Amino acid sequence: MQQNRRQGQMTAIVAFKGSFGGTAVAAPQAARHRPDAPVRIEIRPLQACAEIRAAWADLAGRAIAPNLFFEPDFALAATQHIVAFRDAVAILAWQGEADEPQRRLIGLVPCVPRNRLCVPDELIGFSDRRVLDGAPLLDRQQAQAVIEAM
């Protein structure tokens, strides 16, 4: 930093991105996504999705139809405060294996389980009068793969 001594004002700031002591510091590389990786389906309570918040928020940013009501900030808060959300589950579509660093969340479909006597249990697409948009979050590049996997 250089200062103009007469007026006490800064005239320039010089900084070199990625450098320290003359040696360049490489930024860590993120694992490359593999769009040809198999799609795996997982079902878990919506409340338990807090641990995948980063992957969920990333999916919300890539969604073919953005939906504020199914983004992590709203949906996780709703599981605590709106009765209809408390029993909701999420059908999660992952591309890649659980132990792969390239694994990516490509679909999130909120549902409500319906347990009935003498008939198979069902998952019903989530709907509530307070939620104006029931569109699930599907990756715009992989929506067809999610639909086929489900």
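A residue counts as buried under 20% relative accessible area, as exposed over 50%, and as partly exposed in between, with a 1.4 Å probe and protein chains only. The structure is a predicted model, in which local features need pLDDT of at least 70 and side-chain atom pairs count only at pLDDT 80 or more, while totals for chains, interfaces and linings use all residues. Residues are numbered from 1 along each chain as its sequence is written, and side-chain values use heavy atoms, leaving out hydrogens and water.

By the opening definition, Phe-74 is partly exposed, because its relative accessible area is 29%. Phe-69, at 16% relative accessibility, counts as buried, and so does Phe-85, at 1%.

These three residues, Phe-69, Phe-74 and Phe-85, form one aromatic cluster. Rings of Phe, Tyr and Trp (its six-membered ring) pair if their centres lie within 6.5 Å; planes under 30 degrees apart count as stacked, over 60 as edge-to-face and the rest as tilted. Across the whole structure, two aromatic pairs are found. Phe-69 and Phe-74 make an edge-to-face pair, with 5.3 Å from centre to centre and 85° between the planes. The rings of Phe-74 and Phe-85 have centres 6.1 Å apart and planes at 70°, so this pair is edge-to-face.

A charge is also placed against a ring: the charged end of Arg-103 sits over the ring of Trp-94, 3.8 Å from its centre. Here "over" requires NZ of Lys or CZ of Arg within 6 Å of the ring centre and within 35 degrees of the ring normal.
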